Amino acid sequence: MSSASHLTNLGLRDIGAVPYGLHACHFYEGAADLEDVLVKYFAAGLRSRERCVWVTAEPINCARARSALQKAGFDVAAEEHNGALVIKVYAELYLDAAGLEPAEDIVKLWVGEEERAIALGFTGLRISGNATFLTDTSWLEFMDYEKAIDETLSGRRIVALCTYGHDVGPSKTLDVARRHDCALE
């Protein structure tokens, strides 16, 4: 296997190839900024034959995510049908009846998704989730998840881009940045 096979195109301006296993965070200004970044990110993944999982939360819901990818030239229905694209609302993956799913359960879910992606012939797994659903009460628990996923991704064929609004404030921005390989704006 060549060293290039361990790299993927993130799809974002001024960033070239990145290694699989990258767990990055992106701080965005508003819905248009978030949509622009995530469409480019997932477009690069679809072009690279990665299985893409977009976990939506306000300000972008599932319908808007599908529409944005469609406008970018993708046949969203076909990509979803062939398993290359999965678009879900955050509650389907991160919440259970008691609140946030335990961090270890979510981490196991992503590892299982990577294994399924490889078994289906995809080159890897590309994921993104927006964290606007967090509350002050759930913040620290979710930061435990971010730390656990950061530790897990190394050596895996997964690239993850977690998105947070600039309005989370300085101390939470530091919480997020400490739990990711890099922070992007």
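1. A residue counts as buried when its relative accessible area is under 20%. Keep that cut-off in mind for the aromatic residues below. The model discussed here is predicted.

2. By the buried criterion, Phe-133 is buried, and Phe-142 is buried as well. The count of aromatic pairs in the model comes to 10. Phe-133 and Phe-142 form an edge-to-face pair, because their ring planes stand at 90° with the centres 5.7 Å apart, and an angle over 60 degrees counts as edge-to-face.

3. Another edge-to-face pair is made by Trp-139 and Tyr-164, with 5.9 Å from centre to centre and 70° between the planes. This pair joins distant parts of the chain: Trp-139 belongs to helix α6 (residues 136-153), while Tyr-164 belongs to strand β9 (residues 158-165), and the two are 25 residues apart.

4. Are Trp-139 and Tyr-164 buried or exposed? Trp-139 has a relative accessible area of 6%, so it is buried. Tyr-164 has a relative accessible area of 2%, so it too is buried.

5. Which residues do ring pairs link into a cluster? They are Tyr-90, Tyr-94, Phe-133, Phe-142 and Tyr-145. Phe-133 and Phe-142, the edge-to-face pair of point 2, are thus listed again here, as members of the cluster.

6. Helix α6 also packs against another helix. The axes of helix α5 (residues 103-119) and α6 come within 9 Å and cross at roughly 35°. The crossing of α5 and α6 is right-handed. On the α5 side the contact uses Ala-103, Ile-106, Val-107, Trp-110 and Val-111; on the α6 side it uses Asp-144, Tyr-145, Ala-148, Ile-149 and Thr-152. By class, this contact has 8 nonpolar residues, 1 polar and 1 charged.

7. The crossing of α1 and α2 is right-handed.

8. Which residues of α1 and α2 meet? Ala-31, Ala-32, Glu-35, Val-39 and Phe-42 come from α1, and Arg-64, Ala-68 and Leu-69 from α2. The contact of α1 with α2 divides into 6 nonpolar and 2 charged residues, with no polar ones.

Conventions: Residues numbered from 1 in each chain as written. Predicted model: local features only at pLDDT ≥ 70, side-chain atom pairs only at ≥ 80, totals over all residues. Heavy atoms only, no water. Left-handed = near helix turned anticlockwise from the far one by under 90°. Helix = DSSP H or I, 4+ residues; strand = E, 2+ residues; numbered from the N terminus. Contact = heavy atoms within 4.5 Å. Nonpolar A, V, L, I, M, F, W, Y, C, P; charged D, E, K, R; others polar. Phe/Tyr/Trp six-rings, centres within 6.5 Å; stacked < 30°, edge-to-face > 60°. Buried < 20%, exposed > 50% of the residue type's maximum accessible area, 1.4 Å probe, protein only. Axes fitted to C-alpha atoms, helices over the stretch in contact; angles between N-to-C directions.
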